[in-house]
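Subject: Structure handover and notes

Hello,

Here is the structure I promised you. Please open it alongside this email.

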Amino acid sequence: MSFRPTKRQRRWAFRSPAGAALILPAALLALSFSSPAAAQGNVSKAEADAKLRYCEVCHGVSAQGFHGYYPIPRLAGQPTEYLKNQLQAFVERRRTSNIMFNVGHVLSPAMIDALTTDFNELNPKPLGGAPKENVDEGKRIFENGIAGANVPACASCHGPEAKGNGPFPRLAGQLYDYITNKLTNWEKERGQNPAQPDISAVMQPIAHSLTQPQIKAVAAYVSNLE
């Protein structure tokens, strides 16, 4: 079974909630059908490539992100450990997205390995589009943090070039509006099991301490990094 929307269908889907409601379930239905080889842990390159193309229906060409009805994040260049952790978080409902729950819980471990490796190796140019006027402030916060607010340098976890590190995501080239939305709503979107908190717990007090202008400044700075 295959599903490959035309360019016209993609544009319609992402400009209209009704369009997305029709296109996305078809893609998810296709994702739910795993071959016997995939189920047994043997994923061919053709199977992995097909799944990657389905992911690009939402996440954009070469997984560079998509400015649609709502911002869909860049997956290109993300550390494999981070991607695996986030898929698990969606499956366990620690991150809330019905779409990503449906995607994640049907993927075999072998397919997850193949997909996360493919995403990690992609390196398209950033989509850009962020405001320029507060980039310098964003750079200062990223490199030095905000001592008075107990905010450490973003680079200490995300790396000096914002390319991520193990469980910490790549921020370089991530969509400006996606970063802004996530930092603004962090406490609402990243649930925690108090007995077994995951790595995202590190960001909760940091996101809470950042003002909206500071969030926008950091997002503007990192979104244009390659």
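My notes on the model follow.

**Ground rules.** This is a predicted model: local features need pLDDT of at least 70, side-chain atom pairs count only at pLDDT 80 or more, and totals for chains, interfaces and linings use all residues. Residues are numbered from 1 along each chain as its sequence is written, and side-chain values use heavy atoms, with hydrogens and water left out.

**Overview.** The protein has 13 helices and two strands. Helices (H or I, at least four residues) and strands (E, at least two) are DSSP runs, numbered from the N terminus. Of its 226 residues, 48% count as buried. Buried means under 20% relative accessible area, exposed over 50%, and partly exposed in between, with a 1.4 Å probe and protein chains only. Among contacts with a separation of 6 or more, 69% join residues 24 or more positions apart. Contact means heavy atoms within 4.5 Å.

**Cores.** The largest nonpolar core has 25 residues. Such a core is a set of buried Ala, Val, Leu, Ile, Met, Phe, Trp, Tyr and Cys residues joined through side-chain atoms within 4.5 Å. Phe142, Ala162, Leu183, Met203, Leu210, Val222 and Leu225 touch the most other members. H8, H10 (176–184), H12 (203–209) and H13 each supply at least two residues of this core. H13 gives the most, with six. A second, separate core holds 16 residues, including Leu75, Val103, Met111 and Leu115.

**H8 on H13.** Helices H8 (residues 135–144) and H13 (residues 212–223) pack at about 90 degrees, with their axes 7 Å apart. Axes are lines fitted to C-alpha atoms, for helices over the stretch in contact, and angles run from 0 to 180 degrees between N-to-C directions. H8 is therefore roughly perpendicular to H13. The angle classes are: under 35 degrees roughly parallel, over 145 roughly antiparallel, 65 to 115 roughly perpendicular, and the rest oblique. H8 brings Val135, Glu137, Gly138, Lys139, Ile141, Phe142 and Glu143 to the contact, and H13 brings Gln214, Ala217, Val218, Ala220, Tyr221 and Val222. These divide into eight nonpolar, two polar and three charged residues. Ala, Val, Leu, Ile, Met, Phe, Trp, Tyr, Cys and Pro count as nonpolar, Asp, Glu, Lys and Arg as charged, and the others, Gly among them, as polar.

Look at glutamine 214 in H13. Glutamine 214 is buried, at 16% relative accessible area. Beyond its neighbours within four places in sequence, glutamine 214 contacts Glu137, Ile141, Ile146 and Ser209.

**H10 on H13.** H10 and H13 pack at about 145 degrees, axes 9 Å apart. Their crossing is right-handed. A crossing is left-handed if the near helix is turned anticlockwise from the far one by less than a right angle, and right-handed if clockwise. Tyr176, Ile179, Thr180, Leu183 and Thr184 of H10 meet Gln212, Ile215, Lys216, Ala219, Ala220, Val222 and Ser223 of H13.

**H5 on H7.** The axes of H5 (residues 80–91) and H7 come within 9 Å and cross at roughly 130 degrees. That makes H5 oblique to H7. This crossing is right-handed as well. Thr80, Leu83, Lys84 and Leu87 of H5 meet Ile112, Asp113, Thr116, Thr117, Phe119 and Asn120 of H7. This contact has four nonpolar, four polar and two charged residues.

**Loops.** Proline 126 lies between H7 (109–121) and H8. Proline 126 is buried, at 19%. Setting aside neighbours within four places in sequence, proline 126 contacts Arg74, Gly173, Ser223, Asn224, Leu225 and Glu226. Proline 126 and alanine 76 are 50 residues apart in sequence, yet 9.8 Å apart in space, C-alpha to C-alpha.

Asparagine 150 sits between H8 and H9 (155–158). Asparagine 150 is exposed, at 70% relative accessible area.

Which residues have a positive phi although they are not glycine? Arginine 93, at about 65 degrees, is one. Alanine 162, at about 60 degrees, is another. Arginine 93 is in the loop between H5 and H6 (98–104) and is partly exposed, at 44%. Alanine 162 is in the loop between H9 and H10 and is buried, at 0%.

Best wishes
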